[in-house]
Amino acid sequence: MLKTLLVDDEHYILQGLKALIEWEKEGFVIAGTASNGSEALEFLKQNQVDLILADINMPEISGLELMQKIRTEKLSEAFFVILSGFAEFTYAQEAIRYKCTDYILKPIEKEQLLDILQKIRTLTADKEEESKVSKKMERAYLEQNLIAVIKGKYDDMNLQYVREHMSFAGKGIRYVEIELDEELLEEEISDEEKRTYQRKLSELCVEYLKINADRCVFDVSGKENIYDIGFVYCDDLSEGALKSEKIYLKDFLSYIRDTGQLPAVMLVGKKVDDIRNLAKSYGTVCILRSCQGFQDRKDIYYYDEEVQVSGYGIVLCKNEIDVLLSAIEQNEPLEIIKAVNAFFEEMQRMGAAGGGRNLNINYLLFQLIHLATKQDDNVNQEEILRIISEQSFKGGWIRGSKAHVLRFVQEYAQYLAQLRKNVSRGVLAEVEKEIREHFADNLTLKGLSKKYYVNSAYLGQLFRKKYECSFKDYLNKVRIDAAVSQLICTDKKIYQIAEEAGYHNLDYFVNRFIAAKGCTPTQYRRNARL
């Protein structure tokens, strides 16, 4: 309901305005009445209204003076309608100066008042829409400046805008990445489904943060296949909630998981003392993300805990790592086993446990990225490495153990060999044939990679390079195309067509079909036969 204030020094006119129409039926409620301008001003100091109807000729403060004071003192943004018994142009001119919405001559007729209220409803809707658009644009501009600061690609204007529009009252600031934890999903999902999860994740973050929602930024990394939400944490959040930092972040993650039923994980960067240094914290999150597969399985990863430096400095087993890298590059299985054993023995001898072990494995990881780049600089190596680290160790492997690292480097050696051989053309031809002939079967990227002796992460990247989509999305396209053919050429029931196309859940099939073709299977069949 739109709140209305009626102002007139004649009591019978106020009563007549109240009774003239059914205000609530028109979407309005009389919030108050005043017999002169002074009373109206006092009312507006305590109450917000959407519409003011005021007589122009009143004692103490006239209607025009009332409107002037309201506008100049910014007491209210309400629409203002003047009621007058005088049809003089000078009054209308003065009213327009102070953003008068309309000017009604007395005696007021019912239809005239209804027309005015209809106009107010329309103007209110337009005003609300403009406000939404304006807020959306302001939010987008703030995000643009904040992302520049997060990534360290900012100037004084970016930094100043962020400082002016965001408050960081605490002493410590961290960049926190919140992303979908795909390891907790029961089955592989398409890129489109991941994007849907990401948007839901963003909505949940905004709900939890409430007035601090501007600290949450959608898709900061901007990288293919990383579905992240950036969150700028400051100590003032946990202090305001009377919690420790760890409890605050734990409760935040629990809200996302419990409320949205979303499998999410947090990567918490190194703490910095000022917003201008936020890029340093973001950089440590990037390290955590790349090395996540080597860490013990957690809900929240803290850079401070995963990557530590002892009081004696960094213990790096560089010679053993170099020998291991050589064995991996040459894809020599026995030499790889020897090198991994030597690497772990040296770490143990040097006392590189806990954080020191992680530092060595992280160093090895980045050297492997460099190795892959030498083979093919067109492939997103960081993303490939992330996929391998996530997919290769599902099962009973202890993360960061010798067995874990051994299996990883063996997989990676095969991956490098495949890059060198450039086997994409032959492998893809075989896999494409398999999909065309057996698309209704339970085909998975992992299963096909085993059948054709290709690393699953490499095969997934080949699909992306050729078709610009994931394996799952490509398989869905083939299945939908097969369903389309059946819809046009046969009279089979929709559930039969879904089954034969490889969809055992009819609702899922219909949703996928709508996403691909813009209508339901039944509508598609009907349109095709017109």
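This is a predicted model: local features need pLDDT of at least 70, side-chain atom pairs count only at pLDDT 80 or more; totals for chains, interfaces and linings use all residues.
Reader: Thanks! What do the buried residues of helix 1 pack against?

Author: They pack against strand 1 (2–7), strand 2 (28–34), strand 4 (79–84) and helix 5 (110–150). The buried residues themselves are Ile13, Leu14 and Leu17, in a helix that runs over residues 11–20.

Reader: How do you know that the buried residues of helix 1 line one face?

Author: Look down the helix axis: the buried residues fall within an arc of 105 degrees, so they line one face. On the other side, His11, Tyr12 and Ala19 are exposed; for that label, the relative accessible area has to be over 50%.

Reader: Why is the pair Phe408 and Tyr412 called stacked?

Author: Two values decide this. A pair needs ring centres within 6.5 Å, and stacking needs planes under 30 degrees apart. Phe408 and Tyr412 have centres 5.8 Å apart and planes at 20 degrees, so the pair is stacked. It is one of 16 aromatic pairs in the structure.

Reader: What separates Phe408 and Tyr412 along helix 16?

Author: About one helical turn, because they are 4 residues apart in helix 16 (residues 402–421). Both Phe408 and Tyr412 are buried.

Reader: Which residues have the most contacts inside the largest nonpolar core?

Author: Ile328, Leu364, Ile435 and Leu459, in a core of 43 residues. Several helices each supply at least two residues of this core, including helix 12 (318–330), helix 14 (355–375) and helix 20 (471–489). Helix 16 gives the most, with 7 residues.

Reader: What does Leu459 touch?

Author: Leaving aside residues up to four places away in sequence, Leu459 touches Val427, Leu428, Val431, Leu445, Leu448, Ser449 and Val454.

Note on methods: Residues are numbered from 1 along each chain as its sequence is written. Side-chain values use heavy atoms; hydrogens and water are left out. Rings of Phe, Tyr and Trp (its six-membered ring) pair if their centres lie within 6.5 Å; planes under 30 degrees apart count as stacked, over 60 as edge-to-face and the rest as tilted. Buried means under 20% relative accessible area, exposed over 50%, partly exposed in between (1.4 Å probe, protein chains only). A nonpolar core is a set of buried Ala, Val, Leu, Ile, Met, Phe, Trp, Tyr and Cys residues joined through side-chain atoms within 4.5 Å. Contact means heavy atoms within 4.5 Å. The arc is that of the directions from the helix axis to the C-beta atoms.
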